[in-house]
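Dear colleague,

Please find below the structure that I am handing over to you. My findings on its aromatic residues and on one helix contact follow it.

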Amino acid sequence: MNAAPSVSVILTAHNRSNVMRLALDSALRQQFEDLEVLVYCDGCSDDSAAVARASADPRVRVFELNPKLGHQARVTNLALTQARAPWIACLNQDDLWLPDHLQRLLDAATAMQAQVAVARQYSWTTQGPRLGPQGYSPLQHYPMSARLVHRDAFARLGALRDPTELYCLPSDEWLFRAWYRGERIAFSELPSLVKIDSVLQGCSYRERADQEQLQVHRWLQSADPRAHLEAAVLAGATPQPVVDRWRRRSFKEWAGSARFRLSALARRSLQQLGLRLGIAPQSVDHWWYGHQRGGFQRWINRMRGSD
């Protein structure tokens, strides 16, 4: 067997080979080349495994899981036992990395002597790409595709919890756990991930939506993909509406505004209490909006049409 690589990339696939091949290509085109890509076809009934093997890159290893594990967290926990590198990066099949993504995360982790690093992202919405959070905050969501984690951090903090146990996503709970236990979390300020939300694409699994991924993949082939993304961010920016603060409002409008503000204040207060008690703010959010344990993941599955 060849010497162990520096980074193991875990790519979980399920019945969207048309976007998975683009995500895989973005991983294999990284400027940092000392990596392996573990493609897990989780109960796939399409040609995902064949598409992954067709890359013919010796750094790619393909695993077919039948019966399926049914969630990225479970696949990631399994992959940690088969990955050979000290650093672990996860890539959702919907997302794409800019060519300098892994190098920037490694540089950020080295500079801070951290074993957890997070990249800033372009989050693709219905209006096009938007810039993600600047800097790390436990109150924000950072997708799995944005992270680089040393396996020693997994050893200290434990594996990802099962989605049926949680009000929030397992990835959010794990990163909050790292912050709560005092783990250093490095942040790469220059966006290097394009996060394309399969929920916002609507029934993306049934319809195999890939328009956004194809557009970003074309930009990634250019000399300066970040310039295309920045131009798209500017083009999609919408000016904030001007609100006449002095116009006469009805009692119904005032009451609605007061209820909204009081609700937001109560939710933020619960989040702050959760921070002290070790409860992820994302769990507080989903509980506040009526989700049960595992309910948020079931809602995501319904929205994107995955089984």
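**Aromatic residues and a helix contact**

One aromatic cluster is formed by Y136, Y142 and F187. Please note that the model is a predicted one.

The count of aromatic pairs comes to eight. In one of the pairs, the ring centres of W124 and W219 are 6.1 Å apart and the planes stand at 35°, so this pair is classed as tilted. The two residues belong to distant parts of the chain, 95 residues apart: W124 is in strand β6 (residues 116-125), and W219 is in helix α8 (residues 211-220). W124 is buried, with a relative accessibility of 13%, and W219 is buried as well, at 16%.

A stacked aromatic pair is formed by F176 and Y180, with 5.8 Å from centre to centre and 25° between the planes. Both residues lie in helix α6, where four residues, about one turn of the helix, separate them. F176 has a relative accessible area of 3% and is buried, whereas Y180, at 41%, is partly exposed.

Helix α6 (residues 170-180) also meets helix α10 (residues 251-277): their axes come within 10 Å and cross at roughly 60°. On the α6 side the contact is made by F176, W179 and Y180, and on the α10 side by G274, L275, R276 and L277. Of the residues in this contact, five are nonpolar, one is polar and one is charged.

With kind regards

How values were computed: Residues are numbered from 1 along each chain as its sequence is written. This is a predicted model: local features need pLDDT of at least 70, side-chain atom pairs count only at pLDDT 80 or more; totals for chains, interfaces and linings use all residues. Side-chain values use heavy atoms; hydrogens and water are left out. Axes are lines fitted to C-alpha atoms, for helices over the stretch in contact, and angles run from 0 to 180 degrees between N-to-C directions. Contact means heavy atoms within 4.5 Å. Ala, Val, Leu, Ile, Met, Phe, Trp, Tyr, Cys and Pro count as nonpolar, Asp, Glu, Lys and Arg as charged, and the others, Gly among them, as polar. Rings of Phe, Tyr and Trp (its six-membered ring) pair if their centres lie within 6.5 Å; planes under 30 degrees apart count as stacked, over 60 as edge-to-face and the rest as tilted. Buried means under 20% relative accessible area, exposed over 50%, partly exposed in between (1.4 Å probe, protein chains only).
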